[in-house]
Amino acid sequence: MSSAALTHPARVLSTTALLLTALVALLGCAAGGGAPGSPTMARIRERGRLVCAVDGAVPGFSTVGPQGAFVGIDADFCRAVAAAVLGDARKVEFRPVTAGERFVALSSGEVDLLSISSTHTLGRDAPGGNALSFGPVFFYDGQGVMVPAASGIRSLRDLAGKPICVESGTNTELNLADRMRERGVAYQPLRFQSGEQAYPAYEQGRCAAITSDSSLLAGKRSGFRNPADHVLLSELLSKEPSAKVTIQADPAWADAVRWITYTLIQAEESGLTQANVEASRAAARADASQAERRRFLGVEGDFGRQLGLPADFTLRVVKAVGNYGELFERHLGQSTPLGLDRGLNRLWNRGGLHIAPPFR
Amino acid sequence: MAPVPPAEPASASATPPTPPWWRDRRVIPWVVQAVVGLLVLLLIAFLLGNLVRNLTAAGLLLSWRWLQQPAGFDISESVIPFNAQLPYWRALAAGLVNTIRAVLVSLVGATLLGTLVGMASFSHNGLLRRLARVYVEVVRNIPLLLQLVFWYFVVFLTLPNGVAAIQLPGVVLAKSGLYIAGLGEGLRWVGPTLVNGVWQSPLRLSVEFGALLTGLIVYSGAFIAEVVRGGIAAVPKGQWEAASSLGLSWFATLRRIVLPQSLRVIVPGLNTQYISLAKNSSLAVAVGYTDLYSVAETTLNQTGRAVEVILVLLAAYLTLDLLISALMNGLNRLVQIRER
């Protein structure tokens with residue numbers, strides 16, 4: 001039996017528990033007090049730690065590392081937020097959730113923040129839809145399809161009549177239905193509650209293909225017994241700009257998370273790294289001519305306070321996890337088993353799409 | 001000495017004076033019940049009011065318009081026709097039909113298996129008796145979810161695929177499912193054929209359905225076996241001895257004398273097991289079978305209507321279980337002793 005398959009009883013139970021919690025929370029509690037500022041941030045400070053939802057099973061994004069700590073770019077984002085809000089990157093409680101339960105976990109207040117590949121869509125954003133608040137795009141992705149290299153399948157049309165594994169409750173599931181309908185190709189969707197069932201089922205040959213965000217497929221593939229036996233089709237099914245998610249009812253908290261994301265991007269643009277950020281701040285403090293750097297690092301102005309964060313939150317973030325480029329190279333880049341190209345995830349001035357609005 | 005006034009004994013022999021209402025034995029129970037009932041109603045009103053208030057604050061007041069929106073996802077194994085353009089209520093209906101299908105087949109299977117094993121534990125054959133005990137003890141002490149995962153990933157997904165599949169005349173068992181010959185187009189007899197690496201046949205059961213059925217039947221079968229064993233044990237030993245003195249065989253005794261009497265004990269216990277089975281079927285999500293719960297989860301995620309979707313789920317499972325219960329209670333009245 002695959003070890004991944006063994007871990008999911010807890011998942012099914014936790015889904016049920018979450019759904020019930022959501023219901024009970026809505027039934028039972030009195031409405032939250034309208035304290036000024038961000039109720040979520042107040043809750044995090046009172047609790048002394050950030051409760052951050054991660055997938056927990058996608059190499060490069062969030063997995064449990066050899067030392068038992070969560071590793072990956074999504075996990076490090078949680079640490080960056082904890083560093084900004086609480087001043088300590090270790091004060092994070094990671095909460096692995098499935099694709100299907102993530103939004104309920106967030107809107108019921110079980111978690112403070114979703115650091116999971118969640119595509120920004122209208123229905124999830126709108127007040128009449130899921131009523132969530134999306135940060136800036138954290139990772140530009142597209143939905144891909146992985147097939148066994150030996151299968152001879154080279155396009156979506158080759159999948160006619162064949163079973164395709166997909167995680168239920170995802171955008172992926174809907175895109176697959178759309179693309180197949182456009183092409184008039186009949187197929188059998190095999191819907192699994194989480195990747196922990198879908199990927200083992202694919203690896204055991206139950207499906208002719210599996211579909212998800214390309215980066216997730218590459219990440220999962222790096223954990224297969226024979227990664228070289230599986231290829232990604234060149235066809236992309238969709239654009240999947242994924243972002244960090246908070247609840248819409250707390251715009252101050254959403255702003256804080258938004259600007260922590262921008263901090264990572266701006267730090268890369270300004271050439272600030274985990275190694276040099278402290279020295280750079282000291283240099284900027286001594287040199288009044290470095291106006292932009294002084295503002296960004298909180299030497300002048302009160303941008304931190306305006307967000308309800310410490311004045312030097314940018315310094316804390318970069319010191320804790322590095323800038324966006326460092327995060328990418330550490331977890332997803334060419335030196336990792338995923339070996340992803342930065343592609344659209346380069347900065348705007350290097351031919352990519354990441355841009356931070358001015359810190360002023 | 002003044003004589004005792006005669007009025008006193010006279011009044012004692014008359015009807016006692018009516019006590020005040022708060023000490024009246026006929027009034028008190030009604031008052032208590034009315035108070036408790038009122039408190040319960042107040043609690044419900046408070047919870048509902050709170051629900052509506054909080055949902056309104058969160059901008060999530062109950063709305064059912066989403067039921068008419070197109071679902072946007074496909075279901076591969078639907079008994080009623082379904083495609084992605086159909087509305088959510090059709091998707092939920094397809095999920096419910098899939099749940100009912102799994103529950104009905106498992107009910108029959110688990111009852112047969114449980115009855116056989118329950119009977120086997122009274123067999124004269126020691127090996128059979130011990131096998132029955134081992135089966136019951138092993139199966140009912142392992143969580144159902146683990147068993148489902150075992151059946152799916154270890155047993156069914158290790159079946160050979162494509163041309164290597166297990167092929168018998170008219171039947172093919174492959175990794176993707178069980179394919180059975182049947183009447184195809186134009187009422188011609190069609191056997192399983194391999195088209196483009198995928199088996200096709202008129203009748204098809206997916207391995208996901210197979211794993212769910214196997215898991216539910218084996219698991220519930222163990223509990224039903226215990227109910228049947230208890231029922232048989234409840235029939236007095238004298239019945240066995242009397243039958244045996246008439247020269248009836250073990251099987252004939254069981255079938256004609258013991259089982260009919262034991263049904264009175266078995267049926268109520270069976271009711272509980274059937275209800276559990278219906279609820280356990282929601283674990284189908286673990287093995288990729290698209291049942292009501294699985295459809296509801298995707299619906300919930302796409303529409304953001306958590307409370308409404310959960311209400312639909314609660315209502316559906318409650319109705320299913322109440323129906324099973326009502327049928328079993330009817331059966332129970334049939335098998336009870338009737339005074340003639």
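How many residues join β2(B) to β3(B) in their hairpin? The hairpin passes from β2(B) to β3(B) through two residues; helices (H or I, at least four residues) and strands (E, at least two) are DSSP runs, numbered from the N terminus. This is a predicted model, in which local features need pLDDT of at least 70 and side-chain atom pairs count only at pLDDT 80 or more, while totals for chains, interfaces and linings use all residues. Residues are numbered from 1 along each chain as its sequence is written, and chains are lettered from A and ligands numbered from 1 in the order in which they are written.

**Confidence**

- The predictor assigns the complex an ipTM of 0.76 and a pTM of 0.76.
- For chain B the average pLDDT is 88, and 94% of the residues score at least 70; pLDDT is the predictor's confidence in each residue, from 0 to 100.
- Within chain B, confidence is lowest in helix α1 (residues 7-13), with a mean of 50, and highest in helix α6 (residues 207-233), at 96.
- A friendly caution: where pLDDT is low, the predicted coordinates should not be read in detail.

**Chain B as a whole**

- Chain B holds 10 helices and eight strands.
- Its radius of gyration is 30 Å, well over the 20 Å that the globule rule gives for 340 residues, so chain B is more spread out than a compact globule. The radius is taken over C-alpha atoms, and the rule is 2.2 Å times the number of residues to the power 0.38.
- The C-alpha trace of chain B spans about 120 × 75 × 40 Å along its principal axes.
- Of the 340 residues in chain B, 35% are buried. A residue is buried if 20 or more other C-beta atoms lie within 10 Å of its own, exposed if 12 or fewer, and partly exposed in between, with C-beta atoms placed from the backbone.
- Among contacts in chain B with a separation of 6 or more, 61% are between residues 24 or more positions apart. Two residues are in contact if their C-beta atoms, placed from the backbone, lie within 7 Å.

- Strand β1 (residues 166-168) of chain B runs antiparallel to strand β2 (residues 171-174) of chain B, and three bridges join them. Two strands pair if DSSP finds at least two bridges between them.
- B:Ile166 has B:Leu173 in β2(B) as its bridge partner.
- Two residues lie between the strands in the hairpin of β1(B) and β2(B), where B:Gly170 takes a positive phi near 80°.
- β2(B) is also joined by four bridges to strand β3 (residues 177-180) of chain B, again running antiparallel. Here B:Val172 stands opposite B:Tyr179 in β3(B).

**B:Pro192**

- B:Pro192 sits in the loop between β5 (189-190) and β6 (193-195) of chain B.
- B:Pro192 is buried, with 23 other C-beta atoms within 10 Å.
- Leaving aside neighbours within four places in sequence, the contacts of B:Pro192 include B:Val172 and B:Tyr179, along with B:Trp199.

**Where the chains meet**

- In the interface, 41 residues of chain B are in contact with 42 residues of chain A.
- On the side of chain B that touches chain A, the elements giving two or more residues are α2 (28-57), α5 (144-155), α9 (292-303) and α10 (306-335) of chain B. α2(B) gives the most, with seven residues.
- That side of chain B has 22 nonpolar, 15 polar and four charged residues. Ala, Val, Leu, Ile, Met, Phe, Trp, Tyr, Cys and Pro count as nonpolar, Asp, Glu, Lys and Arg as charged, and the others, Gly among them, as polar.

**Domains of chain A**

- Chain A is divided into domain 1 (9-140 + 241-350) and domain 2 (142-240), with bounds that come from an automatic or database domain assignment.
- The C-alpha centres of these two domains of chain A lie 28 Å apart, and their contact takes 19 residues from domain 1 and 19 residues from domain 2.
- β2 (57-58), β6 (113-119) and β12 (238-247) of chain A each supply at least two residues of the side of domain 1 that touches domain 2. The residues of that side divide into 11 nonpolar, seven polar and one charged.

**Local features of chain A**

- An open sheet of three strands has the order β2-β3-β4 (chain A), with antiparallel pairing. β2 and β4 (70-71) of chain A stand at the edges, each with a single partner strand, so one side of each is left without a neighbour in the sheet.
- A:Ala131 has a positive phi of about 55° although it is not a glycine. With 18 C-beta neighbours inside 10 Å, A:Ala131 counts as partly exposed.
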